[in-house]
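Hi everyone, thanks for coming. Let me put the sequence and the model up on the screen, and then we can walk through a few spots together.

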Amino acid sequence: MFTSLSYFNDDETIDYHVVTGDKIQDTLAIVEKGFYITQKRIVKYLVEAGFLNSNGYNEDNIPYLIAKSIKIPTKLVELQNNEKELKKHIGYKVERDFENRDIFIKTYAPKQTTSIKSTMMVTATELEIYQNTATEENPDSEPLLIGYGVYEYSQLLNNTTYKKTYLLNAKRVPLASYVTYNYKTYVPFRKEESDKLDKLKTKEEVLKAMAINHILREKL
């Protein structure tokens, strides 16, 4: 089974397992030990959960297991509910001079957290996007926070690395994402040309280019 976040337009799906069978009147979701476990551990899990025994189905225990089983893992329901809240602020933009393209990025120390689009644990670096507002007439004007960036990194089990940069508006709604050769916007959802981003070396350069792109489109 899988679910997806509608805001991201099926950009990524999140897998989880359920059990069905001739003697099962309903689906039994595998959620107690986390919503996803590898296929090699499925049988072990089912034995521990009391679903299987040495005779096969543990028929006496199945109704009880189904009764307490939820249909979609709690973490996925939380992601879907968070998405509903985000949608309320899709078009939000900080009131400012939209002709001003003078922006800079402030970067914070990385920390362990869950990914924006899943329950995967990642090392995330938060970045803030500011517009310079100082002028000759008002040289002491404070910079204006207009949006955010999040750079996610994780070492995966197959010895590959996951790296992704997200652009968010000031209400923390994801507007776009970039991973090597793959640049996508979410408002609206579409694949963008990534040539310019592919040539940039730092997450700050990538985020600034994404931000300017959205400012030019009046999306940030």
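Predicted model: local features only at pLDDT ≥ 70, side-chain atom pairs only at ≥ 80, totals over all residues.

Residues are numbered from 1 along each chain as its sequence is written, and side-chain values use heavy atoms, with hydrogens and water left out.

Strand β12, residues 174-179, pairs with β13 in the antiparallel sense over 4 bridges, and pairing requires at least two DSSP bridges between two strands. Ala176 sits opposite Thr185 in β13. The two strands make a hairpin with 2 residues between them, and Tyr181 in the turn has a positive phi of about 65°. On to β14, residues 189-192: it runs antiparallel to β13, joined by 4 bridges, with Phe189 as the bridge partner of Tyr186. β13 and β14 also form a hairpin with 2 residues between them.

Now, what does the side chain of Gln131 meet? A polar atom of that side chain lies 2.9 Å from the backbone oxygen of Asp97. Gln131 belongs to strand β9, residues 121-131, and counts as buried at 2% relative accessibility.

Arg96 is in the loop between α3 (74-87) and β7 (103-107). A polar atom of the Arg96 side chain is 2.6 Å from the backbone oxygen of Leu220.

Last stop: how many salt bridges does the structure hold? There are 4, each being a side-chain nitrogen of Lys or Arg within 4 Å of a carboxyl oxygen of Asp or Glu. One of them joins Glu126 and Arg172 at 2.7 Å, N to O. That pair links distant parts of the chain, 46 residues apart, with Glu126 in β9 and Arg172 in the loop between β11 (161-169) and β12.

Arg190 and Glu192 meet at 2.8 Å, and Arg217 and Glu192 at 2.9 Å. Salt bridges with shared partners join Arg190, Glu192 and Arg217 into one network.

Note on methods: Buried < 20%, exposed > 50% of the residue type's maximum accessible area, 1.4 Å probe, protein only. Polar contact = N/O pair within 3.5 Å; in protein donor to acceptor, adjacent residues only side chain to side chain.
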